[in-house]
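Hello,

Here is the structure I promised to pass on.

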Amino acid sequence: MSILAVHHVQLAMPAGGEAQARTFYARVLGLPEVPKPTTLAARGGVWFGNGAIQLHLGVEAEFRPARKAHPALLVDDLDTLEAACAAAGFPPQRDGELPGYARFYVDDPFGNRLEFLQVQPTGSPAT
């Protein structure tokens with residue numbers, strides 16, 4: 001038996017938040033929306049992804065944001081993504097404590113914590 005890969009990461013959201021999710025995940029982060037199977041669409045929520053990652057946002061009746069647990073997403077242009085988040089009203093919080101990576105945290109519209117990282121060239125300080 002072997003675990004092969006992560007299929008998707010699920011985050012919770014409150015009922016009725018699909019438009020906010022689309023604005024943040026598709027427009028700000030640039031992740032295309034992935035159609036949900038018709039058998040699951042009635043549950044609400046929205047899915048996003050590309051060839052590398054799938055993020056599923058599911059409706060949780062007694063929603064509470066994930067403040068500590070979070071997905072960490074590797075990106076190729078951290079500075080541009082950081083600027084896009086800030087411009088859209090989602091203030092990034094830089095953290096230089098992971099050697100070999102530049103990274104920041106940001107909260108989605110529902111308060112879920114997300115981490116974005118970019119590999120730094122050898123010898124570059126983390127930012």
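First, a word on terms: two strands pair if DSSP finds at least two bridges between them, and helices (H or I, at least four residues) and strands (E, at least two) are DSSP runs numbered from the N terminus. This is a predicted model, so local features need pLDDT of at least 70 and side-chain atom pairs count only at pLDDT 80 or more, while totals for chains, interfaces and linings use all residues. Residues are numbered from 1 along each chain as its sequence is written, and side-chain values use heavy atoms, with hydrogens and water left out.

Now to strand S8. In S8, phenylalanine 116 is the bridge partner of leucine 73. Strand S5 (residues 72-74) runs parallel to S8, and three bridges join them. S7 pairs with S8 in the antiparallel sense, over seven bridges, and alanine 102 stands opposite glutamine 118 in S8. The hairpin of S7 and S8 has five residues between the strands, and glycine 111 there takes a positive phi near 95°. Five of the seven residues of S8 are buried (under 20% relative accessible area, with exposed over 50% and partly exposed in between; 1.4 Å probe, protein chains only).

Beyond its neighbours within four places in sequence, leucine 29 is in contact (heavy atoms within 4.5 Å) with Phe24, Leu81, Cys85, Leu114 and Phe116.

Best wishes
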